Amino acid sequence: MFSRRSILALVNALNFRTHDEVERFSIEFELESVISGQWIKEKETSITKYLVENGNAKTQSGAPFVVDVVEYLLRDRSNCANTKALENALAKDGYELTESSVRKSLPSAIPLLESENKLVEILNRRGLTVAIGHYEQAIAAHGRGDWAAANAQMRSFVEEFFNQCHALLSAGSGTTTQQRKEDLARTGFFASQYNEFLNNGTGFVEGFWKRLHPQGSHPGLSESADSSFRLHLVLLVLHHYAERLDAQLA
C-alpha cells in the first residue's frame, strides 16, 4: 500500500507546468471527469485526492493505479521534478524506484503501513504526545533526506516511548532511561522467556537500542538505506510494544 505522503510526493514530481500537460495526463488515465479547478495547482489537488482514494485499486495492467502513474512519470525523467522526496517517501512505505517502475524493497509479509497506523492510534489513545512529536519530526526529516536528524528523532522517540511505558505502568522508581528499562523487565513488561531484556547488553531490547546508537563512522553504508532500515525497525518494534502496553492498560 502507498501512503498519502508518497502520493503527494508523486503528484509533485509530475511537475505539471501547463494545462496541456494536465490534459494529456487526464486522457492517458481517463480522468477527464475527475480533474477539476481553474489553476494547475487546483487540478493537482484534485488528482492527489483521487489517488489517495483510488491509488491502490488494481488497473487493467494488474498493478495498483499509483504504479501506473509512477511508470508514466519515469517514461521521461527530463520533464519530472526532482524525485528525491518521492524516493524517500516510497522507502518508508517499503518500495523503491527502478529505471521504469517501482518495486518492493521489503517482503510483503511485513505489514509496515498497518503497523504505523496502529502504533499512532495507540500513542494518541494513551496520550503519548511527546513521543508522537518525535515520531512526526523523524518522518519529516526522513522525507527531506536529513538522515542525521531523522536518526536522532527516532532515538528520542524510542526513549520517550519506553519512559512513558514506565510511567503509565508504575513500573518502579528508576530515574534514568536504563533504570526504567530495568524496572520494566523486573515487572514483566519485557518478556524474559523471549530474552527481551537480560541486563547484560545482549537482550533484544538492549540490542535494538544499540543499533540506534552506532558508534563511529560507517563509510560503507548508504545513509539513505541505513536511515530507512532504522525507521522500519522502529515502526515494527514499537508497534509490538505499543500493543502490549495497550493490552496491559486495558
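Tutor: Start with contacts around one residue. This is a predicted model. Glu21 touches Asn15, Phe16 and Tyr72, leaving aside residues up to four places away in sequence.

Student: Where does Glu21 lie?

Tutor: Find helix α2, residues 19-28; Glu21 is part of that helix.

Student: Is Glu21 buried or exposed?

Tutor: Compare the relative accessible area with a cut-off: buried means under 20%. Glu21 has 16%, so this residue is buried.

Student: Next, salt bridges. How many does a search of the whole structure find?

Tutor: The search finds 15 salt bridges. Look for a side-chain nitrogen of Lys or Arg within 4 Å of a carboxyl oxygen of Asp or Glu. Take Arg24 and Asp20: their closest N and O atoms are 3.1 Å apart. Both residues lie in helix α2, 4 residues apart, which is about one turn of the helix. Arg24 is partly exposed at 45% relative accessibility, and Asp20 is partly exposed at 48%.

Student: Which helix holds Arg186 and Asp183?

Tutor: Both are in helix α9, residues 177-186, and they sit 3 residues apart, about one turn of the helix. Now check accessibility. Arg186 is exposed at 61%, whereas Asp183 is buried at 5%.

Student: What about Arg126 and Asp246?

Tutor: Their side chains meet in a salt bridge, 2.8 Å from N to O. Arg126 lies in the loop between α6 (112-125) and α7 (129-143), and Asp246 lies in helix α11, so the pair ties together parts that are 120 residues apart in sequence. Arg126 is partly exposed at 26% relative accessibility; Asp246 is buried at 14%.

Student: Which residues are linked with Arg126 and Asp246 in a network of salt bridges?

Tutor: Lys118, Glu121 and Arg125 join Arg126 and Asp246 in that network.

Student: How do I read a pocket?

Tutor: Ask about volume, then lining. The largest pocket has a volume of about 340 Å³. It is lined by 17 residues, and the closest to its centre are Ala91, Glu96, Ser105, Ala225 and Ser228. Elements giving two or more residues to this lining are α5 (84-93), β1 (95-97) and α11 (223-249). The most come from α11, with 7 residues. By type, the lining has 9 nonpolar, 5 polar and 3 charged residues.

Student: Last one: how far does helix α8 reach?

Tutor: Go from the first C-alpha to the last. Helix α8, residues 147-168, has 22 residues and reaches 31 Å, close to the 32 Å expected at 1.5 Å a residue. After α8 comes Ser170, with a positive phi near 50°.

Conventions: Residues numbered from 1 in each chain as written. Predicted model: local features only at pLDDT ≥ 70, side-chain atom pairs only at ≥ 80, totals over all residues. Heavy atoms only, no water. 1 Å grid on protein atoms, 1.4 Å probe; cavity = no way out; pocket = protein on both sides within 12 Å on 5 of 7 lines; lining within 4 Å. Points joined across faces, edges and corners; volume = space filled by probe spheres on them. Nonpolar A, V, L, I, M, F, W, Y, C, P; charged D, E, K, R; others polar. Expected span 1.5 Å × (residues − 1). Buried < 20%, exposed > 50% of the residue type's maximum accessible area, 1.4 Å probe, protein only. Contact = heavy atoms within 4.5 Å.
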